[in-house]
Amino acid sequence: MIFLDAASTTPVRREVLEAMWPYLSGEFGNPSSHHSLGEAAASALADARSAVAKVLDCRAGEITFTSGGTEADNLAVKGIALARQAADPSLNRVVISAVEHPAVEESARYLERVHGFTVDVVPVDGDGLVTVEALGAVLRRETALVSIMYANNEVGTVQPVADLARAAHALHIPFHTDAVQAAGWLPLDVKALGVDALSLSGHKLGAPKGSGVLFTKGRLRLEPLIHGGGQERGRRSGTENVAGAVAVATALNLSHAEAAAASADVAALRDNFIAAVREAVPGVVLTGHPSRRLPSVASFCFPGTSGESVLLELERLGVVCSSGSACAAGSDAPSSVLLALGISPETAQTAVRFSFTSAVTAAELEHAAAAVAAAVGRVRNLVNHPK
Ligand code: PLP
């Protein structure tokens, strides 16, 4: 089986498993306990925090471990907006882009539904890009937070985060970015990016599902979502997932060290794959930006098919991929991300996303491109000549 669905999740890396294993077995202490087992756990947690901070070029105290990307996004969007509104009740708007992951979009909608915020949605262009001008047009004095993702999970478009953050800062508005898909491929230096908050998810990087990170800058206040014993400096109560924190730190470190080389290699393989699919499949549409895209994502629409049928055919041919976001899987509605790019609902129903780990090979992608041609041909045939 050729696994081309790495944007949905990745297997746990051996080095990660080895690093976390002691904290699931012999060193099983609670970091809040005042005995040697607890102290060992607290020290592992502190080391994990410092390791993450080193990759992000921030201070350890600016790192909060979470249960994954979804929680990190919720904590950033709700936590920052609510804390700012508590300090200044006139701050009652949040800005998101039209292509955010549901973890950000639904957090913003929650603020609207329950706390009376207005959500301003910045449109994207046909390639999925947010421009500084488009962002500028929706910023207001009442904007409590801007949240725009670093790289899109369905089409791979990479946003000009540093420029967008600068535009928000010109009006003293904090800027959060969901870097869940960017991690492992793009630079994550929060100072160079100029962001005030950044979310990461462990399981996209070779750590287990249910591990994640939120960076929040300096004294930026966060209203916690989970109340209890005051762990994570009161930002996220609950006995810490020490093994998860060690895992996400190890995975982030490894993937960060490999990112530059992996990005160049995988981008070249991706470009060959895109060229091969375009040559083999008449009428195919590449979705997302032609060049400002993740090395790891090639996403297409195959007019005259249904994306789900192409997926089934591909799986029969030994290639596993997805029809877009795993989170929207099972829903019949066309992807809101593709609609935001101006793609028609009919064409959006024909979407297939191929996403790669850094271990992908040229031979696998050659096989996959041939399988795509065969699968699309077969589905088009069935659509045109139903039995
Ligand atoms: N943000 C983006 C861009 C994602 O792609 C995902 C997962 O697919 C998430 C957030 C959610 O992360 P998690 O699965 O760790 O909750």
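Trainee: Where is Val-242 placed, and why is Val-242 called buried?
Mentor: Val-242 is in helix 8, which covers residues 242–280; helices here are DSSP runs of H or I with at least four residues, strands are runs of E with at least two, and both are numbered from the N terminus. Buried means under 20% relative accessible area, exposed means over 50%, and partly exposed is in between, with a 1.4 Å probe and protein chains only. Val-242 has 6% relative accessibility, so it counts as buried.

Trainee: What should I keep in mind about the origin of these values?
Mentor: This is a predicted model, in which local features need pLDDT of at least 70 and side-chain atom pairs count only at pLDDT 80 or more, while totals for chains, interfaces and linings use all residues. Residues are numbered from 1 along each chain as its sequence is written, and side-chain values use heavy atoms, with hydrogens and water left out.

Trainee: Which residues is Val-242 in contact with, leaving aside its neighbours within four places in sequence?
Mentor: Contact means heavy atoms within 4.5 Å, and on that basis Val-242 is in contact with Tyr-23, Pro-31, Ala-41, Ala-44 and Leu-45. Val-138, by comparison, is 104 residues from Val-242 along the chain, and their C-alpha atoms are separated by 41 Å.

Trainee: How do you know that the protein chain is as compact as a globular protein of its length?
Mentor: The protein chain has twelve helices and twelve strands. The radius of gyration is taken over C-alpha atoms, and the globule rule is 2.2 Å times the number of residues to the power 0.38. For 387 residues the rule gives 21 Å, and the radius of gyration of the protein chain is 21 Å, so the chain is as compact as a globular protein of that length. Along its principal axes, the C-alpha trace spans about 70 × 50 × 35 Å. Buried residues make up 55% of the 387 residues, and residues 24 or more positions apart account for 74% of the contacts with a separation of 6 or more.

Trainee: What makes His-172 exposed?
Mentor: His-172 has a relative accessible area of 66%, so it is called exposed. His-172 lies in the loop between helix 6 (161–169) and strand 6 (175–178), and its phi, near 60°, is a positive value in a residue other than glycine.

Trainee: Why does Ile-226 count as partly exposed, and which residues does Ile-226 touch, not counting residues up to four places away in sequence?
Mentor: The relative accessibility of Ile-226 is 33%, so Ile-226 counts as partly exposed. Ile-226 lies in the loop between strand 8 (212–216) and helix 8, where it touches Glu-71, Arg-236 and Ser-237. Ser-237 is eleven residues from Ile-226 along the chain, with 5.7 Å between the C-alpha atoms of the pair.

Trainee: Where does Thr-70 lie, and what makes Thr-70 partly exposed?
Mentor: Thr-70 lies in helix 3, residues 69–87. The relative accessible area of Thr-70 is 47%, so Thr-70 is partly exposed. Thr-70 and Gly-210 are 140 residues apart in sequence, and 9.4 Å apart in space from C-alpha to C-alpha.
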